[in-house]
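I opened my notebook for a quick look around this one. Here is what I looked up, in the order I went.

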Amino acid sequence: MRKRGTSPDKEDYAWILDYLPYGSTTDKRPSYQKKPLVQAIGDKHFVLMELVPKEGTSPQIQSRVYIGDGERDVIDHVKHRIHYADLSHGAELELPHVLEECVRHQEEKFVKFFNDAHPITTRLHMLELLPGIGKKLMWAIIDERKKGEFKSLNDLHDRVGGVHTPEKILVNRILEELKDDNIKYRLFTAAPYRPKND
């Protein structure tokens, strides 16, 4: 779990949420001066960002692109980090679907979360931060994992009645963290970007 204010590790891959061929809608310059933009979310720490695509490319929404060091196929460079409120309407609509794809893509990481989750305080467990998981379900998960670690999200779903769609539970928590810059506990996302003069 991340403490607020810690700087995240760099993202190497991002999922495309929206392609804006005429740039940002908040950019008041004439169209011919505006460059195409991509709104995306990082693969590892769910950092929201704007990227500048390479000339002649038309990045596909919901595709995963390389943004790390070295040669990149689609993205020229990362422009800057953004907040949830900066997302285009299209990006906002795509975000839950992209996050679900992202969770599936990194299933091992999220299964590990369910296997390793522990108390944060004497009264609050990490599992209880997940939407829809109260004390009863938390104990059901803990009791079940004592019998053997969960092997997959499907395994968790099969073994613990009440955890119907683990992917959606995870996605809903990630969305909560992305929407609230001041959320107390971050299970999966990097702390929001704050300009130096904040």
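Predicted model: local features only at pLDDT ≥ 70, side-chain atom pairs only at ≥ 80, totals over all residues.

Entry one, the whole chain. Counting contacts with a separation of 6 or more, I found that 60% of them join residues 24 or more positions apart. I listed five helices and five strands, and along the sequence they read β-β-β-β-β-α-α-α-α-α. The C-alpha atoms fill a box of roughly 60 × 35 × 30 Å along the principal axes. Of the 198 residues, 44% are buried.

Entry two, a helix pair. I picked α1 (residues 89–105) and α5 (residues 166–179), which pack with their axes 9 Å apart and at an angle of about 120°. The crossing of α1 and α5 is right-handed. On the α1 side I noted Leu95, Pro96, Leu99, Glu100, Val103 and Arg104; they meet α5 residues including Leu170, Val171, Ile174 and Leu178. Sorting the residues of this contact gave me nine nonpolar, four charged and no polar.

Is Thr189 buried or exposed? Its relative accessible area is 0%, under the 20% cut-off, so I wrote down Thr189 as buried. Thr189 sits in the segment after α5. I then checked its side chain for partners: a polar contact reaches the side chain of Glu177 at 2.8 Å, and another reaches the side chain of Arg186 at 2.7 Å.

Note on methods: Residues numbered from 1 in each chain as written. Heavy atoms only, no water. Axes fitted to C-alpha atoms, helices over the stretch in contact; angles between N-to-C directions. Helix = DSSP H or I, 4+ residues; strand = E, 2+ residues; numbered from the N terminus. Left-handed = near helix turned anticlockwise from the far one by under 90°. Contact = heavy atoms within 4.5 Å. Nonpolar A, V, L, I, M, F, W, Y, C, P; charged D, E, K, R; others polar. Buried < 20%, exposed > 50% of the residue type's maximum accessible area, 1.4 Å probe, protein only. Polar contact = N/O pair within 3.5 Å; in protein donor to acceptor, adjacent residues only side chain to side chain.
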